[in-house]
Amino acid sequence: MTNKKRKILGTATAVAALMTAHNASAQSMDYGSLEMLFGEPVTTSAIGVPQRATEVPVTMEIITADEIRRSAASDLSGVLKYRGGVEVWQHSLGSADVSVRGYNQGGTNRLLVLVNGRQVYLDHFGLVSWNSIPVELNEIRQIEIVKGPNTALFGFNAVGGVVNIVTYNPLLDDVDRASATGGTQANQQGSFVGSFKLNDKIGVRVSGGIADADHFDNAPAAELAGLVDHERRSLSVDSLIQLTDKSQLGVELTSSSLDTVDLLPTMRLTAMDYATQSGRVKLLSDTGIGRVEADLYTNILDLTIPSIGLQIDNQVTVAKLQNVFKIGSKHNMRLSAEYRHNAMDTSGGAGGEVSFDVFSLGGMWNWPINEKFSLTNAVRVDNLKLDREGGTLAAIPFTNSQYDADLLEVSVNSGLVWKPDDTNTIRLSYARGIGAPSLIDFGFQIVSGPVTLGGSPFIDSTVVTNYEAAWERPVTAINGKFRSAIFYQESEDVKGVAVNTVVSPAGVAVVADNIGDSELWGLELGFSGRINQHWNWRADYTFETIDDSLRNRNAAGAIVVAKEFEDTNPEHTVNAQIGYARDKWELDLFGSYVSSSDRLRNQAAPPVNFLEPVGDYITVSGRAAYKIDDQLTLALQGQDFITDEQRQNAAQKVERRVLLTLSADF
């Protein structure tokens, strides 16, 4: 058989497998089978139909279940820590801020985080409390890191990037695992995942976790007294019911609680108490007009911040209808409609509730033009209607009638994938993403000492525009591959908290506002490979430089806003990993170099806001595991272990952690 015939046969087999996985029945994709077939991870998140990782129209990195298991991490942010283009700033043992492609700060709100398509970032401010996400590491099949603004393809709040967490399928995957961990900082942690089938058509997966540990104890004395130890509890039940050969129903319930030390968006370190609940119903059906998905879920947040006497109650409800279909043999189409209701009330002000409704329409067209070219275009229109009811603090210069705002925003994604030959893949993309104001940006009101803090009904969305060229190819000499990307990004109408000081007869109000523009240039390089069957390795380099044009200082030059990207963004980051597996042993070592930068901080004594230098640093983590038998594995994990404690941020020094984990597969 000629090489040309082999290529045609291989392509036909791949296409048939993808179409079979997608259309044979209305069930979630069989990731495991397709990953083995193609020798690389497969995703549906970008365009709604299965694609190999090398074919997606966006820059995406997929962390596999095996990589998660072999990481030295004990939580989600730890899994992301040594990945190119991802910045993880750990503020305490139980909290971290994660950004994709720069702009990281306390309470960063540029990242869309999903679990099986359900958003898990917290809507009151658009931030992510990573340890309150009710998912255990052992139940994750893969984590997809999507870089750049992708609002039109992925949805609301995807302005800096997307982290999509995909868990095992209750009907297709049999996963039964439990683990127990002990270690330094009085760490005690337990986790379990169990899946079972009631019959051939009903599958259920149950997972839960518990973690207790002492907090890092090197915070400034003024903040240390109010800090709490880390306590996490989570429970999740996910079920799938095959109603007919053409339809499937999914039902999911989750709950989590987290007491931890976190960094406020105003850069103050404080104790926080998170409680989350969610409920979801999803119906999938293969019809004569394509694959129809109806998705309804609600997320509930109860957040208590004792140091300022604040209670936030936030609930978001999302209803989405999506149709994925083909026109002819080549054109993949997706149409979607979405409704979102987001409401928040606080006990720190005069009462009242601020809310908004968002009505969205979206469309996507994916066209595999020929063997060399594939084009994907997507557009999304969001119409946001704001409302506020109830009491208003006297110092706030707005009436409730002024909160009747109406925003209409358009986001766009366009990506061309070019494969000039069998090895090279070149990706050119343009994106316009929208970062809509949060409820806190719009209408938050609270008295904090002599100052009243409030949102503004006149604040505009942040618009992020991204231009990118990426190139990747296998490299035979290292039995691996090379990845690269160069990108330019503009952020217009950056939002800031506590920037517009308004003096009224009733006092001083500090109101959220748009504070200017910012631009980013970046470069990413990455290599990965294998040395015989036992060794694997990867290394990456990221360069990012930011130029701000922000209104963030008063006449005296003092910082008056918790936004300062140009000085706080490290320009250079290098990550490396090497792993070894043979017989019953697994050894993995991870390292990272981060160049020096300043970090914004806030404290009770003057200067209230200041930039604290953080020198360049190297951090190393590792894992050594021994497989006792077919079920039991004993693993020793060291996190940030080259020094007792290390300055990685302006909040607290990160302390060395050593953990011993016994895990069992049943």
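The exercises below walk through a predicted model of one protein chain, each with a worked solution.

Residues are numbered from 1 along each chain as its sequence is written. Because this is a predicted model, local features need pLDDT of at least 70 and side-chain atom pairs count only at pLDDT 80 or more, while totals for chains, interfaces and linings use all residues, and side-chain values use heavy atoms, with hydrogens and water left out.

**Exercise 1. Find where the confidence of the model is lowest and where it is highest.**

Solution. Begin with pLDDT, the predictor's confidence in each residue, from 0 to 100. The mean pLDDT of the chain is 88, and 91% of its residues reach 70 or more. Next, turn to the helices (DSSP runs of H or I, at least four residues) and strands (DSSP runs of E, at least two), which are numbered from the N terminus. Confidence is lowest in helix H1 (residues 3-23), at a mean of 40, and highest in strand E32 (residues 585-594), at 98. Finally, pLDDT stays under 50 over residues 1-27, for which the model has 40 contacts (heavy atoms within 4.5 Å) beyond four places in sequence.

**Exercise 2. Describe the overall form of the chain, and decide whether its radius of gyration agrees or disagrees with that of a compact globule.**

Solution. The secondary structure comes to 8 helices and 39 strands. Along its principal axes the C-alpha trace spans about 85 × 55 × 50 Å. The radius of gyration is taken over C-alpha atoms, and the globule rule is 2.2 Å times the number of residues to the power 0.38. For 666 residues the rule gives a value near 26 Å, and the chain, with 24 Å, agrees with it. As a last step, consider burial, where buried means under 20% relative accessible area, exposed over 50% and partly exposed in between (1.4 Å probe, protein chains only). Of the 666 residues, 57% count as buried.

**Exercise 3. Identify the residues that touch the most other members of the largest nonpolar core.**

Solution. A nonpolar core is a set of buried Ala, Val, Leu, Ile, Met, Phe, Trp, Tyr and Cys residues joined through side-chain atoms within 4.5 Å. The largest such core has 80 residues, of which Leu80, Val113, Trp130, Ile133, Ile143 and Phe154 touch the most other members. The largest share of this core, 5 residues, comes from strand E6 (residues 111-115).

**Exercise 4. Work out which distant parts of the chain are linked by the aromatic pairs of Phe373 and Trp418 and of Trp535 and Tyr580.**

Solution. Rings of Phe, Tyr and Trp (its six-membered ring) pair if their centres lie within 6.5 Å; planes under 30 degrees apart count as stacked, over 60 as edge-to-face and the rest as tilted. The structure holds 15 aromatic pairs. Phe373 and Trp418 form a stacked pair, 6.0 Å centre to centre with 5° between the planes. This pair links strand E20 (residues 373-389), which holds Phe373, to strand E21 (residues 406-418), which holds Trp418, across 45 residues. Phe373 is partly exposed at a relative accessible area of 30%, and Trp418 is partly exposed at 34%. Trp535 and Tyr580 form a tilted pair, 4.7 Å centre to centre with 50° between the planes. Here Trp535 lies in strand E30 and Tyr580 in strand E31 (residues 572-582), again 45 residues apart.

**Exercise 5. Locate Asn116 and Asn532, each of which has a positive phi although it is not a glycine.**

Solution. Asn116, with a phi of about 55°, lies in the loop between E6 and strand E7 (118-119), and Asn116 is partly exposed at 22%. Asn532, with a phi of about 50°, has its place in the loop between strand E29 (516-531) and E30, and Asn532 counts as partly exposed at 48% relative accessibility.
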